[in-house]
Structure formats: C-alpha cells, structure tokens
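Please examine the sequence and the structure shown below. The briefing that follows is arranged by topic.

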Amino acid sequence: MSEHRHPAHQAAVAAPRRSRRSLLVQAAMLVATVVLLVVFQDQLPDLGAMLDAAVRADPGWLALVVLASGASMGAFARLQRRLLRIGGTRIRLRRAFAITYAGNALSVTLPAGPAVSVVYTFQQFRRNGASARLATAVILLGGVITTAAYTLIGLLALLAEPSARGPALRVLAVLAALGAVLVVALRHPGPRALAGRPVRALLRHPRIAPHADRLRGVRQVLRPTRRDWGALALLATANWVFDILALLAAAQAVGVDVAPHGVALAYFAAQAAASLLPLLPGGLGAVEGSMAASLAAFGATLTPAAAAVGLYRLASYWIVVTIGWLAWLALHEGPRISARTRRRLHEAALATLHGMALATAPMVGPPTSAGGRAEPGGP
C-alpha cells in the first residue's frame, strides 16, 4: 500500500529513527533523574510511610480505582467501535476491547510506542474488515474527538480553580474577540480571498498535503449523524473523566482530601510532564513525580499523595498494561508457542476482557449503533 494513502506506513518508516532518538533522550533523562534523586533524597517522601499508607487504603475506594480505570479504557474502545460502525464495519465489543488494550500496551511500553500502536491498530482494523481509508479515518477522527474532550475538561478544571480563573477567562475573552472579528471579516469576499491564498499554499506544501488529503478523506467514509456525534462526544469525555475519577478515588483511599478540580489539574500536569519529560515509556517517573507534587501543591501531604499516585498507577498503568499484553496474545500476535499453551492464554485473555467489558458496562453504558439500536457485545 502506498505511503500517501494512510499514516500507518509512514509511522512504521519513522519508528526506527524515533526509537533511537527517544532511547538517547530517555537515557539522558534517566541519568539526570538518578542524580537529582541522590541530591534531594532527604526531601523525598518516606518509602516506608508510603507503603504503610497504601496498605491501609480503603478497599471500597480501591475497587473504584480499578473500575474507573477499566471504564476509561472501555469508553475509548466503544468510541472506536462506533466509528467503525458508522463507516459500515461491525466489530464485536470484546474484540474492540482487545484491540484497544493491546494498542495501549504497545504505546506505553515500547520505544516509539505511539507510532507502533498506530500501525498495529490500523492493521487490526483492516483484519476486521475495515478498508484502509476507513481505518485511517477512525484513527484520525478518534484522536481529534478525544483531544477536543481533553482540552474542554482541562479548561473547565482551570475555570474551577479560583487562582487560575481570572487569567483563563482573559485568554478566552481575547480568543473569542479574535474569532468574532475573523468570522465577520470572512463574510466579505475580499478578506476571504486574501485569507484563502496562504491557506491554500500551506495545504499544497509537500509535508502538509498528504495530511490534508487524509483529513478530507475522513468525510468521504465517516458521516456521523447528530445522534452519533452526541454518543462520540459522551464516550470521549468519559474516557478522560473516568481516568481522573480513578485518581480521585486513589486519593480518597489514602485520606488525601483534594478538590476534584485540583485532582483534574494534577492529572493534566502529569500528562504534560510525560510529554515534555519522556523518562521512560508510559511516562514512568515523570507522571508519578509531577502528579504527587501537584497534589501536594493543592494541599495534600506529600507522602500520602505519593501513595495515592502509586495506587492509581498500579490500576491505570500496570494492570491495564498486563491486560493489554494478554489481549495482544489473544489476538494471535504472540511468540511461537505450543498450540495448547496458546489456546489457554487465548481463553484466559478473552475471559479477562469479557469480564472487564461486563464490569465497566454499567459505568459507561452500551452506546447505540449508528442505526440507533443497542447492540450486545457478543463473544
């Protein structure tokens, strides 16, 4: 398949270069982190106290941490499944879960994982009957929708924080004024033609044109109805809200009392740190450190805050990654092993995924199909 038709091949070609570069960056960051840990070891939370706080955590809140983490993954799996159905490809719920978990495991555990995950997800969609154009459209539109939901939730969290509300409102006011001026100006032919020239030139640029063509191709294979858009927006929002809820539940489990918007801001700060400081795949190190520090900034004591982050990461990263690699095996992508062992691993992985789908269904809710009729997951 030619490179200009979809992003998967391009990601595969770029993956080795990104892998080498990311490994060098990660090694340098890891060395710097070890040095900082040695220098500031007296200011770090006590490990024994952290373990004690984790052991004494409330079991009910811990159960909610696990369920919310599963519901977050389930929402994203259902979002991709609905996009595929809008494009005319039906996929069983359990297989959608398997692809989502497996793709996530690849993304957060391998060097250049996001690029590898895109290629893998594209291939899995193709194997399940989606055309190359539809598989590309689902990956692109799914990313746009979840990014929009992420931005909206982050903005609401900023507005809920008194110290950040004023600056956030001023920035929004400036952006709204600029948008209003632009809309009024573009209603007239002269300014519209003047603004269109650089945009058309940019879209013809060799590095931009392929991406623009793919975005235009989304409309050719995906035409969501208003009801579809509502369900997609709900699922994209649930993807982030449940993950933040898992962190909030972990904080409550160890007695950390931070306002929900403070927990959300700590969550977004950790996401930003993971992007800017790629210590290890999955943001290991950067996420834990920035999340605990952010919770402490909102009034939590550092040791229980670190314990809360540890419990959250146990559920949202380590357990999810383990299920993801089981799902990878269940999708027949594993190493050369005996048929009997493969069959047992396959059955265990499918049983785990089926249990996760059943456990998170009451939290996420079964979204209707593109035709508006609820569809059971099925084996």
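**Leu-62 and its surroundings**

Leu-62 touches Ala-57, Ala-253 and Leu-311, leaving aside residues up to four places away in sequence; contact here means heavy atoms within 4.5 Å. The structure is a predicted model, in which local features need pLDDT of at least 70 and side-chain atom pairs count only at pLDDT 80 or more, while totals for chains, interfaces and linings use all residues. Residues are numbered from 1 along each chain as its sequence is written, and side-chain values use heavy atoms, with hydrogens and water left out.

- Leu-62 is part of helix α3; helices (H or I, at least four residues) and strands (E, at least two) are DSSP runs, numbered from the N terminus.
- With a relative accessible area of 26%, Leu-62 is partly exposed; buried means under 20% relative accessible area, exposed over 50%, and partly exposed in between, for a 1.4 Å probe and protein chains only.
- The C-alpha atoms of Leu-62 and Ala-315 are separated by 8.9 Å, although these residues are 253 residues apart along the chain.

**The chain as a whole**

- The protein chain has 14 helices and 0 strands.
- Of the 379 residues in the protein chain, 41% are buried.
- Among contacts in the protein chain with a separation of 6 or more, 74% are between residues 24 or more positions apart.

**A loop residue**

- Thr-89 is located in the loop between α3 (59-86) and α4 (93-109).
- Is Thr-89 buried or exposed? Thr-89 is buried, because its relative accessible area is 10%.
- The residues that Thr-89 touches, not counting those up to four places away in sequence, are Leu-84, Asn-128, Gly-129, Ala-130 and Leu-134.

**The largest nonpolar core**

- The largest nonpolar core has 75 residues, of which Leu-83, Phe-125, Leu-222, Tyr-267, Met-291 and Leu-295 touch the most other members. Such a core is a set of buried Ala, Val, Leu, Ile, Met, Phe, Trp, Tyr and Cys residues joined through side-chain atoms within 4.5 Å.
- Helix α10 (residues 226-253) supplies the largest share of this core, 12 residues.
- Tyr-267 touches Trp-240, Asp-243, Ile-244, Leu-247, Met-291 and Tyr-312, with residues up to four places away in sequence not counted.
- In soluble globular proteins, nonpolar side chains tend to be buried together.

**Packing of helices**

- The axes of α10 and α11 are 9 Å apart, and the two helices pack at an angle of about 110 degrees. Axes are lines fitted to C-alpha atoms, for helices over the stretch in contact, and angles run from 0 to 180 degrees between N-to-C directions.
- This angle makes α10 roughly perpendicular to α11; angles under 35 degrees count as roughly parallel, over 145 as roughly antiparallel, 65 to 115 as roughly perpendicular and the rest as oblique.
- In this contact, Trp-240, Asp-243, Ile-244, Leu-247 and Leu-248 of α10 meet Pro-260, Val-263, Ala-264, Tyr-267 and Phe-268 of α11.
- By class, the contact of α10 with α11 has 9 nonpolar, no polar and 1 charged residues. Ala, Val, Leu, Ile, Met, Phe, Trp, Tyr, Cys and Pro count as nonpolar, Asp, Glu, Lys and Arg as charged, and the others, Gly among them, as polar.
- Helix α6 (residues 132-160) and helix α11 (residues 260-276) have axes that come within 9 Å and cross at roughly 130 degrees, so α6 and α11 are oblique to each other.
- The residues of the contact of α6 with α11 comprise 8 nonpolar, 3 polar and no charged.
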